[in-house]
Each structure stands twice: as C-alpha cells, then as structure tokens.
Amino acid sequence: MPTVITHMAVPLAVGLGLGRRIVPGPLLACGVVASMLPDLDVVGFKLGIAYAADLGHRGFSHSIVFALAIAALAAPILRRFRVPWSASFWFLLFAIVSHALLDACTTGGKGVALFWPFSGHRFFAPYQVIEVSPLSIARFMSGRGIAVLLSELYWVWMPSAALGALLFCGRRLMCRPSRSCCSPRT
C-alpha cells in the first residue's frame, strides 16, 4: 500500500483542480478522510484476522461495495454544509475507490478485493510501480521508507499535481468573465 498520507493526493488534487464551486471545503476535507478510510482494516491484525481473509487488510474495505456504502451514508451528512447529495456521493465514491486503485498499483501485498462480496479474488493493476509501504513504523524509518516516499512522489504526488493543474487550467479556460463558474460561492 502507499503510505496512508499519500492516499489523499488524488482527491486533494482533483478537488482543488475542480474548484470550490464543485468541491466545497467540507466535501474536500471529507474526501481526503474518506481516501484514507480503507486502511482502518489494519486493526484486523491486532484482532487476529488474517491478511488474506475477507475482513483482512485490502479485503472488504477496499471494495467498490464498501466505497458505495460509505459514500451513500456520508453524502446526506454533507447536506448540512449545503453540498448537493450528488456531488458528495460521487466525490466520496471517487476518493475511496482511488485508495483501492492505488493499492493495486503497489509492488507487494496480496492484491485488492475490489469486487467483494461477489468475488474474494485479490486484484493487482497490470503495472505495479508504487513501492509498497512497510506496515510497521520501525521498518518505515529506514532506507526502505525513503524509497517508498520517493516512489510515491514520482508515481502518485507528481501525477496528481499534474491532474489538478490540468483541471484548474481547463476550468479557467472554459469560464468566461461573464460566467460565475470560476468564482467562489457567495
């Protein structure tokens, strides 16, 4: 898996790139948290749940069904902040699914149970380029940790920043001065 902090790169870049009218601050914050949520499954190690079990690491919490459920449950809460349900649902779904897709691109682990409960099969992406992060802090605080961070910078943070910049520039190009699509809500 990438480090838990790196999972926020994708929704953060997309949210900032799309702007506050489409992804208001409360939704962006929830998307960042949601992108890290699947890794709470590491608690299973302390509870004796095997890595390869459905409830294990990269199991059900990394599935599309889990992402759909969390997005559907969280979207109505964001209505308190005047964020439309559809914007909340789709952005949160995107943020959570991005977590599983990044994990599928790592060089280690047992894959991602993307289609749980329909299939317990663990999937990897065709290209596994992101160095897998050690699960222990002691192993992370070594040369291995530096290699992981550099890999994440190259394969996640830089492409995410580029995507965010493209979305920002595209939004600016599509907006005309007479239209309010680029200005913040008042």
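Mentor: Axes are lines fitted to C-alpha atoms, for helices over the stretch in contact, and angles run from 0 to 180 degrees between N-to-C directions. This is a predicted model, where local features need pLDDT of at least 70, side-chain atom pairs count only at pLDDT 80 or more, and totals for chains, interfaces and linings use all residues. Residues are numbered from 1 along each chain as its sequence is written, and side-chain values use heavy atoms, leaving out hydrogens and water.

Trainee: What angle do helix H4 and helix H5 make?

Mentor: Helix H4 (residues 64-74) packs against helix H5 (residues 85-104) at about 145°, and their axes are 8 Å apart. Helices here are DSSP runs (H or I, at least four residues), numbered from the N terminus.

Trainee: What makes the H4 and H5 contact nonpolar or charged?

Mentor: Ala, Val, Leu, Ile, Met, Phe, Trp, Tyr, Cys and Pro count as nonpolar, Asp, Glu, Lys and Arg as charged, and the others, Gly among them, as polar. The contact of H4 with H5 has 13 nonpolar residues, no polar and no charged ones.

Trainee: Why are H1 and H2 called roughly antiparallel?

Mentor: The axes of H1 and helix H2 (residues 25-36) come within 8 Å and cross at roughly 160°. Angles under 35 degrees count as roughly parallel, over 145 as roughly antiparallel, 65 to 115 as roughly perpendicular and the rest as oblique. H1 and H2 are therefore roughly antiparallel.

Trainee: How do you know whether Thr3 is buried or exposed?

Mentor: Buried means under 20% relative accessible area, exposed over 50%, and partly exposed in between (1.4 Å probe, protein chains only). Thr3 has 12% relative accessibility, so Thr3 counts as buried. Thr3 lies in the segment before helix H1 (9-18).

Conventions. Helices (H or I, at least four residues) and strands (E, at least two) are DSSP runs, numbered from the N terminus.
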